[in-house]
Amino acid sequence: MGEKIRLDRLVASQMPKISRAEVKKLCLKSKISVNGKTVRRSDIRVDTDDEIIVDGKRIEYKKHIYIMLNKPRGVVCSTKEGSSTTVLDLVPEEMRRSGLFPAGRLDKDTLGFALITDDGELSHKMLSPKSHVPKTYLVRLEKPWEEEYESVMLQGMTIDGGEKCLPAEFKGSKDDPYMCELVLHEGKFHQVKRMFSALGNNVVMLKRIAIGSMALDPELAPGRCLEIMHKDVERLLAK
Ligand code: URA
């Protein structure tokens with residue numbers, strides 16, 4: 001047994017192009033069936049496990065949707081922005097729903113894994129300072145990285161304004177003196193950039209490559225989205 005919910009709400013939540021008023025009209029035109037029976041009213045309560053067919057299309061009910069976006073540079077992580085493209089503009093039609101938002105923010109010039117969802121509870125869990133979900137970044141620096149970065153970051157750095165950071169794991173690339181990886185367990189504003197700037201260096205490219213234990217799919221082209229299953233999102237939160 002699933003959850004009980006009004007038919008019009010259920011259909012409108014799963015089919016972004018159909019409003020509740022339109023669900024009512026479709027019912028009057030006998031275009032909606034529930035468990036094989038045509039229904040004429042849109043205000044009836046149905047079970048989310050029921051077989052609901054709207055104009056010949058079966059609804060696969062999902063309470064929430066989780067989307068991995070490979071965010072390109074120049075796109076903002078917000079729900080609305082004057083003239084800039086937002087991460088929501090990149091969500092393809094079939095994944096759109098009302099209430100979608102980016103869970104956490106990447107700067108406009110940061111690339112990589114942005115998680116988009118309509119699940120406020122998950123977002124809260126992921127972003128809560130107490131949860132410490134690790135976020136892994138690939139970084140290109142202006143000047144070569146130095147051995148001491150590892151221990152300084154592991155101790156918990158103090159960045160501008162006296163803000164204390166949690167211990168972070170730094171790993172310099174052995175092949176490229178400008179490339180490194182950094183794992184943070186919190187998300188302060190511009191944190192990666194501010195940490196390197198406190199060390200006298202600058203970030204020239206920043207890409208988030210993992211959230212928790214979930215890596216950005218290497219096959220996912222910049223600007224493209226991939227739907228993630230709920231069980232995989234649970235894994236993402238796993239320590
Ligand atoms: N740290 C930054 O400086 N920018 C980001 O977008 C993410 C982490």
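How do the residues of the lining of the largest pocket divide into nonpolar, polar and charged? The lining comprises 13 nonpolar, 10 polar and 8 charged residues, where Ala, Val, Leu, Ile, Met, Phe, Trp, Tyr, Cys and Pro count as nonpolar, Asp, Glu, Lys and Arg as charged, and the others, Gly among them, as polar. The model is predicted, so that local features need pLDDT of at least 70 and side-chain atom pairs count only at pLDDT 80 or more, while totals for chains, interfaces and linings use all residues. Residues are numbered from 1 along each chain as its sequence is written, and side-chain values use heavy atoms, with hydrogens and water left out.

Pockets were located on a 1 Å grid over the protein atoms alone, a pocket being an open set of points where a 1.4 Å probe fits, with protein on both sides within 12 Å along at least five of seven lines; lining residues have an atom within 4 Å of a point. The largest pocket has a volume of about 580 Å³, a volume being the space filled by probe spheres set on the points, which are joined across faces, edges and corners. Of its 31 lining residues, G104, R105, L106, G187 and K188 are the closest to the centre. At least two lining residues come from each of α3 (120-127), β10 (135-141), α5 and β15 (203-211), and α5 supplies the largest share, 3 residues. Helices (H or I, at least four residues) and strands (E, at least two) are DSSP runs numbered from the N terminus.

Polar contacts were taken as pairs of N or O atoms within 3.5 Å. A polar side-chain atom of D107 lies 2.7 Å from a ligand nitrogen atom, and one of T110 lies 2.8 Å from a ligand oxygen atom. A polar backbone atom of H190 is 3.2 Å from an oxygen atom of the ligand. Taken alone, the ligand exposes 240 Å², of which the protein buries 95% (Shrake-Rupley method, 1.4 Å probe).

The second largest pocket has a volume of about 380 Å³. Among its 17 lining residues, Q14, M15, P16, K57 and E94 are the closest to its centre. This lining divides into 6 nonpolar, 1 polar and 10 charged residues.

Terms used
Polar contact = N/O pair within 3.5 Å; in protein donor to acceptor, adjacent residues only side chain to side chain.
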